[in-house]
Amino acid sequence: MSEEGKSQLRKHLKFTLRNRWRSFYQSTRLGNLGSRVFIDKQVSLLRFPGNINIDDEVVLKQGAQICACNSSAKISIGKRTTVGFYTFIYASESIEIGDDCLIAPFVYIVDSDHSIAMGERINTQANQTEGISIGNDVWIATGAKILKGVTIGEGAVIAAGAVVKEDVPAYGIVGGVPAKVIGSRK
């Protein structure tokens, strides 16, 4: 890729010895770690890291947490995707993130929630899970939350602070709580 074609972030990444060490170390733990993956300081790959697959040229910024929460949970992150500062990705079933996605800081992506039946303490009830699928070329802005069972179509944009609990069409722009379609990319 030419210098002009690179984003500001990728143009200024410095692969220090520490970054290379982090990548080497995580490659021994993860299901797959692609080439030229940038792992910033304080990135946590939790619980069942062998169920996490990260493709080539992914950027994981400081404080990101990616957690396969049980032995059958799967997470995959596609090529050239950026995961922003202090973003949390927690899978109890599956989370698939496509290529070339931009996930801003403080985003929360979780494929489960708690059961709340009366007559039983909430903390003793089983989680409800349903996988999440995020297409290629998706931008998820700061502070957005993506909840269980959601499919986000290719090229979609999720506005800052949106709470997404329903599917988003390809090239759709959604915002609000709960998120609703507010436009489309042209």
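User: Which residue in strand 9 is the bridge partner of Gln 65?

Analyst: Phe 88. This is a predicted model: local features need pLDDT of at least 70, side-chain atom pairs count only at pLDDT 80 or more, and totals for chains, interfaces and linings use all residues. Residues are numbered from 1 along each chain as its sequence is written, and side-chain values use heavy atoms, leaving out hydrogens and water.

User: What counts as a strand, or as a pair?

Analyst: Strands (E, at least two residues) and helices (H or I, at least four) are DSSP runs numbered from the N terminus. Two strands pair if DSSP finds at least two bridges between them.

User: How many bridges join strand 6 to strand 9?

Analyst: Four, and the two strands run parallel. Strand 6 (residues 65-68) is also joined to strand 3 (residues 44-47) by four bridges, again parallel. There, Leu 46 partners Cys 67.

User: What's the order in the six-strand open sheet?

Analyst: 1-4-7-10-15-18, with parallel pairing. Strands 1 (32-33) and 18 (151-152) each have a single partner strand, so one side of each lacks a neighbour in the sheet.

User: What faces Thr 151 in strand 18?

Analyst: Ser 133 stands opposite Thr 151. Two bridges join strand 15 (residues 132-134) to strand 18.

User: New topic. Is Tyr 25 buried, partly exposed or exposed?

Analyst: Tyr 25 is partly exposed, at 41% relative accessible area. Buried means under 20%, exposed over 50%, partly exposed in between (1.4 Å probe, protein chains only). Tyr 25 lies in helix 2 (residues 17-27).
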